[in-house]
Amino acid sequence: MQDQITPGNLLRTMRANPPLVQCITNFVAMNIAANVMLAAGASPAMVHAEEEADEFAAISGALTINIGTLSADWLAGMLKAAQSANNAGKPWVLDPVAHYATAFRRDAITRLLELKPAIIRGNASEIIALAGGTSRGQGVDSRDAVEQAEDSARQLAQKHGCIVAVTGATDFVTDGQKAKRIAGGSPLMPQVTALGCSLTCLVGAFAAAAPDDPFDATIAALTVFAVAGQQAGADAEGPGSFSWRFLDALTGLTPETLDRDARISAA
Ligand SMILES: Nc1ncnc2c1ncn2[C@@H]1O[C@H](COP(=O)(O)OP(=O)(O)OP(=O)(O)O)[C@@H](O)[C@H]1O
Ligand SMILES: Cc1ncsc1CCO
Ligand SMILES: [Mg+2]
């Protein structure tokens, strides 16, 4: 049982040796993402400067890159960090926030994709557009359903040889061949800014704990959010109380409860 690859066992492995994860995320997400990582049992470091991003990637268990509040100097740090993670054999995760919105973002995402992320995590609008489809997305929030992004996710995973996770009411994860759906969470989650960005960082933590198995690592991180989110949503009165309840639920989540309450199905 202990040796089976389940979200609970991967959570146990991750917490037993809290991975240092370099999170290059946006100004909105930095605080909540770091708190989410600590609550779940990982060790985040928000390090993005061009002068040090590559050096830091080499000593981290994994790297995550999110283009939410992009600028030229941050992009330079991102490109150096991704290259360094690749050289060091460390997985890196891409969060393509609103990559379709401007020419600057479209060019940045093309350059980042060339550096071969192990995992891409985005909302449905982002994943549809990244695969070249017509998405309804405008800004950072999704305006499409996950079901409509499933074919795009499979295409993207095949094209780039990576894992693709689409999040929303029910999440979808694929390596281009096999796929799983993860149910749970709460409708309050998209009402709290940057929870998706925080999840991208947590995917990095699980990828660091299981670098040879990015598919199951991604599923584990999404399942942690699904189960803790469902717990927090049960008693929350709105986004404010959801936020603190969610952090407490992450900390209190045991591997046993995670596996018991996981709602994962083949897709
Ligand atoms: N309607 C919903 N019901 C249940 N869970 C949801 C719902 N919408 C989103 N979630 C969950 O919220 C988390 C964040 O996913 P979401 O797709 O909202 O990310 P995002 O759009 O990238 O967010 P952000 O850009 O604000 O960081 C995931 O764990 C997802 O499963
Ligand atoms: C609101 C917002 N704006 C840029 S990034 C971000 C966080 C959610 O993606
Ligand atoms: Mg997002």
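Does Ala194 count as buried or exposed, and what is its relative accessibility? In this predicted model, Ala194 counts as buried, at 10% relative accessibility. The cut-off for buried is under 20% relative accessible area, so the value for Ala194 falls within that class.

**Annotated positions**

An unreviewed UniProt entry carries the annotation "binding site" for Met46 and Ala194. Of this set, Ala194 belongs to the lining of the largest pocket. Ala194 is found in the loop that runs between strand 8 (179–183) and helix 8 (195–209). Leaving aside residues up to four places away in sequence, Ala194 is in contact with Val28, Ala29 and Ile32.

Met46 is placed in another setting, the loop between strand 2 (43–45) and helix 3 (53–59). Met46 has a relative accessible area of 23% and is therefore partly exposed. With residues up to four places away in sequence not counted, Met46 touches Cys23, Thr25, Met30, Ala33 and Ala34.

| Residue | Relative accessible area | Class |
|---|---|---|
| Met46 | 23% | partly exposed |
| Ala194 | 10% | buried |
| Pro255 | 12% | buried |

**Ligand 2**

The largest pocket holds ligand 2. Around ligand 2 are Asn26, Val28, Gly68, Thr69, Val97, Val140, Thr193 and Cys197. On its own, ligand 2 has 280 Å² of accessible area, and the protein covers 74% of this. Val28, one of the residues around ligand 2, is also among the contacts of Ala194.

**Helix 2**

Helix 2 spans residues 30–40, and its buried residues are Ala33, Ala34, Val36, Met37, Ala39 and Ala40. Two of these, Ala33 and Ala34, are touched by Met46. Which elements cover the buried residues of helix 2? The cover includes helix 1 (7–16), strand 1 (20–24), strand 2, helix 8, helix 9 (214–235) and helix 10 (239–252). After helix 2 comes Gly41, which has a positive phi near 115°.

**Pro255**

Pro255 is located in helix 11 (residues 255–261). Its relative accessible area is 12%, so Pro255 is buried. The contacts of Pro255, not counting residues up to four places away in sequence, are Gly8, Leu11, Arg12 and Arg15. Asp175 lies 80 residues from Pro255 along the chain, and the C-alpha atoms of the two are separated by 25 Å.

Terms used. Residues numbered from 1 in each chain as written. Chains lettered and ligands numbered in written order. Predicted model: local features only at pLDDT ≥ 70, side-chain atom pairs only at ≥ 80, totals over all residues. Heavy atoms only, no water. UniProt positions renumbered as here; feature names shortened; annotations may be inferred. 1 Å grid on protein atoms, 1.4 Å probe; cavity = no way out; pocket = protein on both sides within 12 Å on 5 of 7 lines; lining within 4 Å. Helix = DSSP H or I, 4+ residues; strand = E, 2+ residues; numbered from the N terminus. Buried < 20%, exposed > 50% of the residue type's maximum accessible area, 1.4 Å probe, protein only. Contact = heavy atoms within 4.5 Å. Near = heavy atom within 4 Å. Areas by Shrake-Rupley, 256 points an atom, 1.4 Å probe, with all protein chains shown as cover. Sits in = over half its atoms within 2 Å of the grid points.
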